[in-house]
Amino acid sequence: MISRVVLRRCIRCGAKAVKPRTGPGRTTRYRMMPCLPIPNELPIPACGRCRSEYLDETTSSVLVTQLHAAFLDDLRVRVRLATDILSQYISLRKLELRVGISQGYLSRLRAGVGNPSPELVAHLALLCHDPLIRLRELEQFWALPATEWPPLPPRMPRCDLSIRGSRPRASGGLHDRTHQ
Ligand SMILES: [Zn+2]
């Protein structure tokens, strides 16, 4: 039996060119990632002319499942690259101690066992930007008393503070401190 794909009309551009489409180069926002690649083989109804996508309920539920798998894969790749970089500066055991995770956890993640949390991946990523300095800062951070660690807030350029000529209100934010 031959299954015919029925083309539907695109409500955005008017072309009768909407059908399930696959292929590379498609991305979507997923949690904190603005451009998570959509698996190439996953069909999503889309317009052949303007590329608008039309997600129905079935496609959406399949998409969510597959995107979550792609998201976890992505995190595993990131954690592996981060530990590759950081292990040139510190042993994984010391790193585990310094970021407060259980011994052996990074080795297991590096071996592809388990799923790292986005929070851990984010921490490791920040440490990778100048590992020597960041790792030393983290060591000092834990060595300081709980109330004495916050660094001084960065100076904000004046022009960024006023909107449409109005004066900025006094900030009650975390980093608002009086210098003496
Ligand atoms: Zn269209």
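The entries below follow that order.

I noted that this is a predicted model, in which local features need pLDDT of at least 70 and side-chain atom pairs count only at pLDDT 80 or more, while totals for chains, interfaces and linings use all residues. Residues are numbered from 1 along each chain as its sequence is written.

Overall make-up. I found five helices and five strands in the protein, where helices (H or I, at least four residues) and strands (E, at least two) are DSSP runs numbered from the N terminus. Read from the N terminus, the order of elements is β-β-β-β-β-α-α-α-α-α.

Burial and contacts. I looked up burial (20 or more other C-beta atoms within 10 Å of a residue's own, with exposed meaning 12 or fewer and partly exposed in between, C-beta atoms being placed from the backbone), and 9% of the 180 residues count as buried. Of the contacts (C-beta atoms, placed from the backbone, within 7 Å) with a separation of 6 or more, 54% join residues 24 or more positions apart.

The sheet. I traced an open sheet of three strands, ordered β1-β2-β5 with antiparallel pairing, pairing requiring at least two DSSP bridges between two strands. Its edge strands, β1 (8-9) and β5 (44-47), each pair on one side only. Strand β2 (residues 16-21) meets β5 in the antiparallel sense over four bridges, and lysine 19 stands opposite alanine 46 in β5.

Helix α5. How many of the 13 residues of α5 are buried? The number is zero, so α5 lies largely in the open.

Note on methods:
Two residues are in contact if their C-beta atoms, placed from the backbone, lie within 7 Å.
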